[in-house]
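Colleague: Could you take me on a close look at one loop, and then show me how the rest of the chain is laid out around that part? I would be glad of the cut-offs as you go.

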Amino acid sequence: GLHARIAEMQEILGNHEKVMEIVAKELLEIKEKFGDERRTDIQAVSGEVDIEDLIPREDCVVTLTEKGYVKRQPADVYKIQKRGGRGISGMKQREEDVVQEMFIASTHDSILFLTSKGRMFKLKCYEIPEGSRSSMGSHINNLLSLEPGETVSSIMGVSGFDPTKYVVLVTRRGLIKRTRLDAYKNIRKNGLNAISLNEGDELAWVRLTDGSDELVIATRNGMAIRFDENDVREMSRTAMGVKAIHLKDGDEVVGMARVREGASVMTVTDKGLGRRTAVEDYPLQSRNGLGKINYKVSEEKGYVCGVKVVDEDDDLILISNEGVIIRIAVADVRVMSRYASGVRVMRLGENDRVVTFVRAEHADGEETEKVEEDEGDEASDTAEAEELEREMEADDAANPQEEEPEAEDPGDEDDSEE
């Protein structure tokens, strides 16, 4: 019975020789059952072993949030997106945080981080800490040597530094620079100057192009310009750049997007109005002009807070300065002319403003807000806007903007790795 079993166990525990006898018996039984010849072949290795050779090549989803949290996760955690676009389905961020960038890269790809101060950093994808689908990830300050006040403006993944690809950089004050991707192949641990900046300016948008893309650049006061990237001559890594758009006093660039076939341009104001416009409504121009009217801004309608090139099946995620986050379907915002005011995409409190929005892949089951059709949203005073645009075109033709010389930064010519 139970008492007899307890007595037997106590006798074994009290007798060391008995314990060893049982251990030896059980080990012999294991040997009999599982013992076989060694299958591995142990050999001396000549040379050094590269840690990268030990890391399997697999696709990962890399994400960066507005608050600076970055992570990677196996691509099979997600239903693979058609374009590997941006989105936040199933992710958990800190309060008032949304995903800024999201793309698919191999573990052996280089991930390039470009900062507001014009510096570029590089990490291998496998060096970014892996996180679960619901985790926030690691803060970028734990991975990169950023200076106080320096933030990451953009990240992108590259499998190699292809000399036929270009990095296009745009600053708040309307400068643009286009440099071959292979000019950035030797990036030091403490970063590399990607662009020289004037005092008070900052790098805000970066895109990788194939040398034949068209770009749309928009300003806070409602202007926009569309031009071929080849209007921007190829420049050295240390160049400051040239003017993309001529800004009037008090204006600044709020967005840069790369044109895609079949897509449209989404404009959103800080007062929560949004409008989708066909790319063809933005005539192809030469850079460094005043551009065309993109939105007739006012205190009532607000000022432009950004533009995105979007597809019909995308979602938009908008965030306000009071931390309100909503998600809408792009398809709910109809395509209108450049002179239209748009529809209400986000209802705001008296002192609340839209501060940013991101394009996200539509996720089935993800709840989206309905777009409101405000009275008077259908169009603004088209005749007045057209007259203003004609006056601006005449002024632009009569006063061509002089090209400023391309500035170089002589203090950063050493491209060697540290």
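Modeller: Happy to! Helices (H or I, at least four residues) and strands (E, at least two) are DSSP runs, numbered from the N terminus. With that in hand, the loop between strand S7 (152–158) and strand S8 (166–171) is where Asp 162 is found. Please keep in mind that this is a predicted model, where local features need pLDDT of at least 70 and side-chain atom pairs count only at pLDDT 80 or more, while totals for chains, interfaces and linings use all residues. Residues are numbered from 1 along each chain as its sequence is written, and side-chain values use heavy atoms, with hydrogens and water left out.

Asp 162 counts as partly exposed, at 30% relative accessibility; buried means under 20% relative accessible area, exposed over 50%, and partly exposed in between (1.4 Å probe, protein chains only). The side chain of Asp 162 makes a polar contact with the side chain of Thr 164 at 2.8 Å. Such a contact is a pair of N or O atoms within 3.5 Å; within protein, one must be able to donate a hydrogen and the other to accept it, and residues adjacent in sequence count only if both atoms are side-chain atoms. Leaving aside residues up to four places away in sequence, Asp 162 touches Leu 181 and Asp 182, where contact means heavy atoms within 4.5 Å. Leu 181 lies 19 residues from Asp 162 along the chain, and their C-alpha atoms are separated by 6.2 Å.

Now for the wider setting. The protein chain has three helices and 23 strands, and 48% of its 418 residues count as buried. Among contacts between residues at least 6 apart in sequence, 77% join residues at least 24 apart.

Some of those strands form an open sheet of four, in the order S3-S1-S2-S6, with antiparallel pairing. Its edge strands are S3 (99–106) and S6 (138–139), each pairing on one side only; two strands pair if DSSP finds at least two bridges between them. Strand S1 (residues 59–65) meets S3 in the antiparallel sense over seven bridges, and Val 62 stands opposite Phe 103 in S3.

Elsewhere, strand S12 (residues 214–219) pairs with S15 in the antiparallel sense over five bridges, with Leu 215 opposite Arg 258 in S15. Five of the six residues of S15 (residues 253–258) are buried, so this strand is largely enclosed by the rest of the structure.
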